[in-house]
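Please read it alongside the sequence and the structure.

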Amino acid sequence: MAQAAGPPRTVLITVDDDPAVSRAVARDLRRRYGESYRVVRAESGESALEALRELKLRGDPVAVIIADYRMPAMSGIEFLEQAIDIYPDARRVLLTAYADTGAAIDAINVIDLDHYLLKPWEPPEEKLYPVLDDLLEVWRAADHHQVAVTKVVGHRWSARSSTVREFLARNEVPYRWYSSDDPEGRRLLAAAGQDGRRLPLVVTPDGTALVEPTDGDLAARVGLATTPAADFYDLVIIGGGPAGLGAAVYGASEGLRTVLVERSATGGQAGQSSRIENYLGFPDGVSGAQLTDRARRQAAKFGAEILTAREVTGLEVGGAARVVRFADGSAIAAHAVILATGVSYRQLDAPGAAELTGCGVFYGSALTEATACQGQDVYIVGGANSAGQAAIFLARNAKSVTLVVRRPSLAATMSHYLVQQVEEAPSISVRANTVVEAVHGEHQLERLTLRDTETGGSELVDAQWMFVFIGAAPRTDWLEGTVRRDARGFILTGPDLAPEGRLPAGWELDRPPYHLETNIPGVFVAGDARAESAKRVASAVGEGAMAVMLAHRYLEQS
Ligand SMILES: Cc1cc2nc3c(=O)[nH]c(=O)nc-3n(C[C@H](O)[C@H](O)[C@H](O)COP(=O)(O)OP(=O)(O)OC[C@H]3O[C@@H](n4cnc5c(N)ncnc54)[C@H](O)[C@@H]3O)c2cc1C
C-alpha cells in the first residue's frame, strides 16, 4: 500500500526581503495562528516561489500569502502573479509602506489582491489579525480538503501515462489523475519544473516528483516491496496471478518460508477481469481486483513475502538449490520453485496497431480506461470470454460497443451466459466474420479498416478506442535450455515428460516427475503456463495449492 504522509497542515506564507520585517511578520502570525497553521517565511520572491512549489508537490494547502511590495529582485506584485499560478485559491495580501499605497491599489485589479496592509501593522490585534481572520474565514468556506495520495499528471494519448495508471490501480495504490491540459495538472507540472513534454509526472504523497518512472521506481516510491528480505527460501513462486497467489497462501500457511515474485502487479490476467462469475463461492460474481486484493492479503497474513515489479529472467540449478535470477542480475535461492507465469496477451498483427498501443489501442486494460470511453464508440477485438466481459463492462459508459469477431458467431468461443448478456445489451453489436486489417491515426487512434472475411470487402470506420483480446501466449523464453516446453512455449510436466514411462533426459531421480513437476526436480508449474492447462481461475488456484503439496513431498524426500 501507499505510504501515508502525515496530515498536511495549512500554510500561511510570508515573504519580505528585510530579515527583521520578515521575522516580525512570522512571529506575529505564529502567535495567533501557530496552533492551527504552519507559518513559512522567505526573504525573496524566488525562495518563496520555491517553497510554494515544494508545498504544491507535497499537497499541502496554502491559505494566505503575504508579500512585501518593495523587494529588489522580484517585486511583491511580480511574486504574487506567479504565486497565483501555483495556488490560485490562496488569499493574497500585499505589505506596503504608506508611500506605495497607490501601487498597491492598482495591484488589486492586476493580481486580484484581497488586501493591502500598511507597515507597521502594530498593534497586530487591531491591524493584522482582523484582516487575516476574515481572509481565513473566506478561505475555509471553500472546500480545500486535501488527501495525501499519489498524483499522476498525464495525457489520455500518452502510452506510458496509461500503463502507469494501470500499474497503480492493479497494485491498489490510490492515486488521483490530472490531465496535463487541466489547470491543476499544469500547476503540478510547473511545480516540478516540467513543461509537459515528458509524461507522466507522478508525485508521491511525500512530494517526490517522478518523471516517466519505471515500474520499479514507482513500486519502490509508493511503498510496494521490491527487495527480498532473505537470500534463501523454502519456496520461490514466480508470478502473482491466481496460481501464484494460491501457491503463496498454501505454502506460507503450511510453514514454508515463501516469497512470491511478480513482474508487474499481482492478480495476473484475472486481475484485469471486470467480473468473474464462474469462480466457486461467488454466486454474484467477483471482480478480479477484489479477488486479488483478498488473495494478496491472505498470503501476506500467513507470512508470504510479495515482491512487485521484479521480473525473473533466469533459473539455474546449483546442487540442491534452485537459483532464481532477476533482470538486474541479483538472485535468490530456494529448495523448491513454482513457475506460475501464466500467459500474456497476443499482439494484433495489423499495420499501425503497435504504434498506437496506449494511444487508443489497448490490450486488456479495459478497466482503467472505462470512464474515458464515456459517450464514445468502442471496438473490441476477440470473441472469447475476456472480450465478452469487457464489452458488457464498457457498454455501461460507451455510446456503442462493437465486437469484432473473426468467426461466424460467438457460440464456439464464449460462455453461453456471456453470449446471452451480449445479445441482450442494446448498445453492443457483433460484427462476425470480420478482422481488423489496419489501424490509423497520427498521434491517437482515429480509424480502423475492417475486412469482411466472407465477402473480402473492406470498410473504414471512425474509432477512438480499441481493446484487443485475441488470445494469449506464454512468455517462457527465459527458461530455454533449462525447463522443457512444448512448441508454443507452454511448460511440460509429469506424464507429458515421461511418455510410456521413460524418464526425461538428464533426470537423475529414480521416481518419475510428479504431476506438476518439470524436468528439473523441485521445479513445479501451476496455472496457464502449464501445457494443456484449463485456462480458468479455479484451476489455476487449484494447481497452485497442488504444486505446494507436491513441493512438500519433494522436500521430505530430498
Ligand atoms: C479479461 C479476462 C477475463 C477472464 N475471465 C475469467 C473468468 O471469468 N473465469 C475464469 O475462470 N477465468 C477467466 N479468465 C482466465 C483466468 O484469468 C486465467 O486462467 C488465470 O488468471 C490464470 O492464472 P495464472 O496465475 O496461471 O496466470 P496469470 O493470471 O497470467 O498470471 C501470471 C502472472 O505472472 C507474472 N509473470 C509472468 N512472467 C513473469 C516473470 N518472468 N517474472 C515475474 N512475474 C512474471 C505476470 O505478470 C502475471 O501477473 C479471464 C482472463 C482474462 C484476461
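Among the 33 residues around the ligand, those that come nearest are Glu-262, Gln-269, Asn-278, Gln-389 and Asp-528; a residue counts as near a molecule or strand if one of its heavy atoms lies within 4 Å of it. The model is predicted, so local features need pLDDT of at least 70 and side-chain atom pairs count only at pLDDT 80 or more, while totals for chains, interfaces and linings use all residues. Residues are numbered from 1 along each chain as its sequence is written, and side-chain values use heavy atoms, with hydrogens and water left out.

**Ligand site**

| Residue | Part of the residue | Distance to a ligand oxygen atom |
|---|---|---|
| Glu-262 | side-chain N or O atom | 2.7 Å |
| Ala-270 | polar backbone atom | 3.3 Å |
| Val-343 | backbone N or O atom | 3.3 Å |

On its own the ligand has 1000 Å² of accessible area, of which the protein covers 94%. Accessible areas come from the Shrake-Rupley method with a 1.4 Å probe; for residues, only the protein chains shown count as cover. Helix H10 (242-253), helix H13 (385-395) and helix H16 (537-557) are the elements that give two or more residues to the shell around the ligand. Helices (H or I, at least four residues) and strands (E, at least two) are DSSP runs, numbered from the N terminus. The shell has 14 nonpolar, 12 polar and 7 charged residues. In this classification Ala, Val, Leu, Ile, Met, Phe, Trp, Tyr, Cys and Pro are nonpolar, Asp, Glu, Lys and Arg are charged, and the others, Gly among them, are polar.

**Mixed sheet**

An open sheet with mixed pairing is formed by 4 strands in the order E7-E6-E8-E9; two strands pair if DSSP finds at least two bridges between them. Strand E7 (175-179) and strand E9 (209-211) each have a single partner strand, so one side of each is left without a neighbour in the sheet. On average, neighbouring strands of this sheet are turned by 20° against each other, direction ignored. Helix H7 (residues 159-170) packs on the sheet and touches strand E6 (150-154), E7 and E8, its direction making about 165° with that of E7. Contact means heavy atoms within 4.5 Å. Axes are lines fitted to C-alpha atoms, for helices over the stretch in contact, and angles run from 0 to 180 degrees between N-to-C directions.

Strand E8 (residues 201-203) runs antiparallel to E9 and is joined to it by 3 bridges, with Leu-201 opposite Val-211 in E9. In the loop between helix H8 (183-191) and E8 lies Pro-200, and the peptide bond joining Leu-199 and Pro-200 is cis, with omega about 0°. Glu-172, in the loop between H7 and E7, has a positive phi near 60° although the residue is not glycine.

**Parallel sheet**

A further open sheet has 5 strands in the order E17-E24-E18-E19-E20, with parallel pairing. Strand E17 (361-362) and strand E20 (428-431) are its edge strands. Strand E18 (residues 377-381) pairs with strand E24 (residues 465-468) over 4 bridges, and Tyr-379 has Met-466 in E24 as its bridge partner.

Definitions and conventions: A polar contact is a pair of N or O atoms within 3.5 Å; within protein, one must be able to donate a hydrogen and the other to accept it, and residues adjacent in sequence count only if both atoms are side-chain atoms.
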